[in-house]
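Please walk through this model helix by helix and pocket by pocket. The text below follows the structure shown here.

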Amino acid sequence: MLIAAIVVIFPLCLAYAAFTDMFTMTIPNRVSIILVVAFALIAPMTGMSWLLYGQHFLAALVVFVVGFGLFGIGVMGGGDAKLLSATSLWFGWNMQLLEFMVLVSAFGGVLTLIILMMRSDRFAVYIGRVGLIGYLTNPKLGVPYGIAVACAGFVCFPATALMQYAITRMI
């Protein structure tokens with residue numbers, strides 16, 4: 001049951017966040033709450049040391065503070081900041097967090113370029129007619145950054161301590 005929770009909860013939450021962000025430009029708070037509560041309950045059951053456990057929460061806190069600073073100046077959405085910090089909790093204070101953040105930036109940059117292309121006069125006429133994503137051509141809207149967070153999370157998740165624990169137990 002523990003292995004199933006590790007393997008399913010994180011990817012499912014990220015996929016849900018990406019889809020809701022893409023189609024509604026919002027990320028429900030419950031996604032971030034589930035990620036935090038799941039990690040808080042699962043990590044100690046894997047034998048993770050309390051020091052390492054605390055470092056994971058420190059990483060999430062630092063990302064939360066920076067994310068909400070960016071939200072405060074209008075650079076990032078609140079749901080994106082919460083998802084980013086809840087996701088960072090699963091990576092901890094190590095090189096995996098740095099890799100995750102670099103990939104979030106890279107995926108976010110590509111996503112932003114795609115959105116900007118969609119909003120250009122050449123494409124907006126056609127994409128604006130597509131019901132589900134047509135609203136993305138509105139230049140007043142931001143970028144659904146939850147998609148970038150999810151993509152980076154999917155790439156980096158297999159190397160996390162919890163996933164490594166799950167892999168060693170499945171083999």
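**Pockets and helix pairs**

The lining of the second largest pocket divides by class into eight nonpolar, three polar and one charged residues. The model is a predicted one. This pocket has a volume of about 190 Å³. Its lining consists of Asn 29, Ser 32, Ile 33, Val 36, Phe 57, Ala 60, Leu 61, Phe 64, Lys 82, Ser 85, Ala 86 and Leu 89.

Helix α3 covers residues 50–72, and helix α4 covers residues 78–89. Their axes come within 7 Å and cross at roughly 165 degrees. An angle over 145 degrees counts as roughly antiparallel, so α3 runs roughly antiparallel to α4. The crossing is right-handed.

The α3 side of this contact is made up of His 56, Phe 57, Ala 59, Ala 60, Val 63, Phe 64, Gly 67, Phe 68 and Phe 71. From α4 come Gly 78, Ala 81, Lys 82, Leu 84, Ser 85, Ser 88 and Leu 89. By class, the contact of α3 with α4 has 10 nonpolar, five polar and one charged residues. Several names return from the pocket above. Phe 57, Ala 60, Phe 64, Lys 82, Ser 85 and Leu 89 are among the residues that line the second largest pocket, and they are also among those that meet between α3 and α4.

Now turn to the largest pocket. Its volume is about 340 Å³. There are 18 lining residues, and the closest to the pocket centre are Gly 67, Leu 70, Met 76, Leu 84 and Tyr 145. Helices α3, α4 and α5 (95–119) each supply at least two residues of the lining. The largest share, five residues, comes from α3. By class, this lining has 13 nonpolar, four polar and one charged residues.

Tyr 145 deserves a separate look. Where does Tyr 145 lie? It lies in the loop between α6 (121–127) and α7 (146–156). Setting aside neighbours within four places in sequence, Tyr 145 is in contact with Asp 21, Met 76, Asp 80, Val 104, Ser 105, Gly 108, Gly 109 and Leu 111. One of these, Met 76, is also listed with Tyr 145 among the residues closest to the centre of the largest pocket. Tyr 145 and Met 101 are 44 residues apart in sequence, and their C-alpha atoms are 13 Å apart in space.

The axes of α4 and α5 come within 10 Å and cross at roughly 150 degrees. The two helices are therefore roughly antiparallel to each other. Their crossing is right-handed. Leu 84, Thr 87 and Ser 88 of α4 make the contact with Leu 97, Phe 100, Met 101 and Val 104 of α5. These residues divide into five nonpolar, two polar and no charged. Leu 84 and Ser 88 of α4 are also among the residues that meet α3.

The last pair sits at the start of the chain. Helix α1 covers residues 2–24, and the axes of α1 and α2 come within 10 Å. They cross at roughly 160 degrees. So α1 and α2 are roughly antiparallel to each other. Here the crossing is left-handed. On the α1 side, the contact is made by Leu 2, Ala 5, Ile 6, Ile 9, Phe 10, Cys 13, Tyr 16 and Ala 17. On the α2 side are Arg 30, Val 31, Ile 34, Leu 35, Ala 38, Ile 42 and Met 45. By class, the residues of this contact divide into 14 nonpolar, no polar and one charged.

Terms used
Residues numbered from 1 in each chain as written. Predicted model: local features only at pLDDT ≥ 70, side-chain atom pairs only at ≥ 80, totals over all residues. Heavy atoms only, no water. Axes fitted to C-alpha atoms, helices over the stretch in contact; angles between N-to-C directions. Helix = DSSP H or I, 4+ residues; strand = E, 2+ residues; numbered from the N terminus. Parallel < 35°, antiparallel > 145°, perpendicular 65-115°, else oblique. Left-handed = near helix turned anticlockwise from the far one by under 90°. Contact = heavy atoms within 4.5 Å. Nonpolar A, V, L, I, M, F, W, Y, C, P; charged D, E, K, R; others polar. 1 Å grid on protein atoms, 1.4 Å probe; cavity = no way out; pocket = protein on both sides within 12 Å on 5 of 7 lines; lining within 4 Å. Points joined across faces, edges and corners; volume = space filled by probe spheres on them.
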